[in-house]
Amino acid sequence: MQAWQVHENGEPGEVMRLADVAPPTPGDGQVLLRVRAANVNFPDALMCRGQYQVRPPLPFTPGVEICGETEDGRRVIANPALPYGGFAEYAVADAAALLPAPDALDDAEAAALHIGYQTGWFGLHRRAGLEAGETLLVHAAAGGVGSAAVQLGKAAGATVIGVVGGAGKAAVARELGCDVVVDRRSEDVVAAVKEATGGRGADVIYDPVGGEAYAQSAKLAAFEGRIVVVGFASGAIPSPGLNHALVKNYSIMGLHWGLYATRNPKLILRCHEQLTELATRGAIRPLVSERVPLEGAAAAVQKVADGLSTGRIAVLAGGTEGTA
């Protein structure tokens, strides 16, 4: 089979190599899946660079999220068991963790439903307790993680403010349903959000960026607001001023979604059931901006690494799009 492999750490476009290899052999409790579509995530880029908290042994195949097909023909969503990731024709995954792919979504959309939307659901609902009528601020609102949070926020009845970088991404954020869009490249984010909220700020702030975005979040948290720290796509890890959190009465909460797989996996299944219901009634639908053949995986990962993508990029292992 064909699979992308990383033999040394570095930039994805330089270290990912397409090779003919033997299909992986499932271990105990694992199943072999034919990859129908694999979604590109920022952690794929970090793993290529050797900067992610999970460091698979070299050589490894990136691709942490797929829509695959079991030997008996079931369409499923899975997180491949590294080092046999999803940018390949076949991958392996833990049988107990397979989730049914929603009939309402095609393969690329189904592949993109898992990590970003699960992270959004856990962050907004389990951690931050977002309520209808509250104001949600989403950084990088046109990206893969941010776009999921925007849709989930709207589905929950929140007023959503999206912060983006550039006019093109601003247009995408509006199409996603943001009530207010702030372009950080041409506007003062803090001033624009304060104006939009009458000086009150946001009840929940969803931050997958870190760095300057977090500094803005601290200034924009409303009384009893909640800042959800999801990641550091900017590459800068902030050092919060806890005295500031004290005097403004806001909470800073971290979210590492992957921990739930070992600490409370039943919650992941419950979340998937809710996401499937939302997808079935059209309240959410993953934004797949590009569908590329397997040969284009390295360029796709590099594009995400460089922050040039909107929504999700799906790699189609078979070269053509499958549908539900």
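This section describes the sheet, the helix packing and the nonpolar cores of a predicted model.

The model contains an open sheet of 6 strands in the order S10-S9-S8-S11-S12-S13, and the pairing is parallel. Strand S10 (180-183) and strand S13 (251-254) form the edges, each pairing on one side only. From one strand to the next, the twist averages 20 degrees. Within this sheet, strand S8 (residues 135-139) and S9 run parallel and are joined by 5 bridges. Two of the facing positions can be given by residue. Valine 138 is placed opposite glycine 162 of S9, and histidine 139 has valine 163 of S9 as its bridge partner. Strand S9 (residues 159-164) is largely enclosed by the rest of the structure, because 5 of its 6 residues are buried.

Helix H4 (residues 115-127) packs on it and touches S8, strand S11 (202-207), strand S12 (221-229) and S13. The direction of H4 makes about 150 degrees with that of S11. Helix H5 (residues 144-155) lies across S8, S9 and S11, and runs at about 170 degrees to S8.

Helix H4 also packs against helix H11 (residues 265-280). The axes of H4 and H11 are 10 Å apart and the angle between the two helices is about 100 degrees; H4 is therefore roughly perpendicular to H11. On the H4 side, the contact is made by Tyr117, Gln118, Trp121, Phe122 and Arg126. On the H11 side, the contributing residues are Leu267, Ile268, Cys271, His272, Gln274 and Leu275. By class, the residues of the contact of H4 with H11 comprise 7 nonpolar, 3 polar and 1 charged.

Leucine 275, one of the H11 residues in this contact, is buried, with a relative accessible area of 0%. Apart from neighbours within four places in sequence, leucine 275 is in contact with Leu113, Tyr117, Gln118, Leu152 and Ile284. The C-alpha atoms of leucine 275 and tyrosine 117 are separated by 7.6 Å, although the two residues are 158 residues apart along the chain. Phenylalanine 122, on the H4 side of the contact, touches Arg127, Leu255, Trp257, Tyr260, Leu267, Ile268 and Cys271 when residues up to four places away in sequence are not counted.

Phe122 is also among the residues with the most contacts inside the largest nonpolar core, together with Met16, Phe87 and Leu136. This core has 83 residues. A second, separate core has 18 residues, including Ile161, Ala192, Ala202 and Ala218. In soluble globular proteins, nonpolar side chains tend to be buried together.

Alanine 192, from the second core, lies in helix H7 (residues 189-196). The relative accessible area of alanine 192 is 17%, and the residue is therefore buried, the limit for this class being under 20%. Residues up to four places away in sequence aside, alanine 192 touches Val182 and Glu187. Alanine 192 and valine 180 are 12 residues apart along the chain, and their C-alpha atoms are separated by 9.4 Å.

A further helix pair is formed by H2 (residues 42-49) and H12 (residues 297-305), whose axes come within 8 Å and cross at roughly 100 degrees. H2 is therefore roughly perpendicular to H12. Phe42, Asp44, Ala45 and Arg49 of H2 make the contact with Val301, Val304 and Ala305 of H12. The residues of the contact of H2 with H12 are 5 nonpolar, no polar and 2 charged.

The buried residues of H2 are Asp44, Ala45, Leu46, Met47 and Cys48. These buried residues pack against strand S1 (2-6), helix H1 (12-15), strand S2 (16-20), strand S3 (30-39) and H12. Just after H2, glycine 50 adopts a positive phi of about 75 degrees.

Terms used: Residues numbered from 1 in each chain as written. Predicted model: local features only at pLDDT ≥ 70, side-chain atom pairs only at ≥ 80, totals over all residues. Heavy atoms only, no water. Core = buried A, V, L, I, M, F, W, Y, C linked by side-chain atoms within 4.5 Å. Buried < 20%, exposed > 50% of the residue type's maximum accessible area, 1.4 Å probe, protein only. Contact = heavy atoms within 4.5 Å. Axes fitted to C-alpha atoms, helices over the stretch in contact; angles between N-to-C directions. Helix = DSSP H or I, 4+ residues; strand = E, 2+ residues; numbered from the N terminus. Parallel < 35°, antiparallel > 145°, perpendicular 65-115°, else oblique. Nonpolar A, V, L, I, M, F, W, Y, C, P; charged D, E, K, R; others polar. Pairing = 2+ DSSP bridges.
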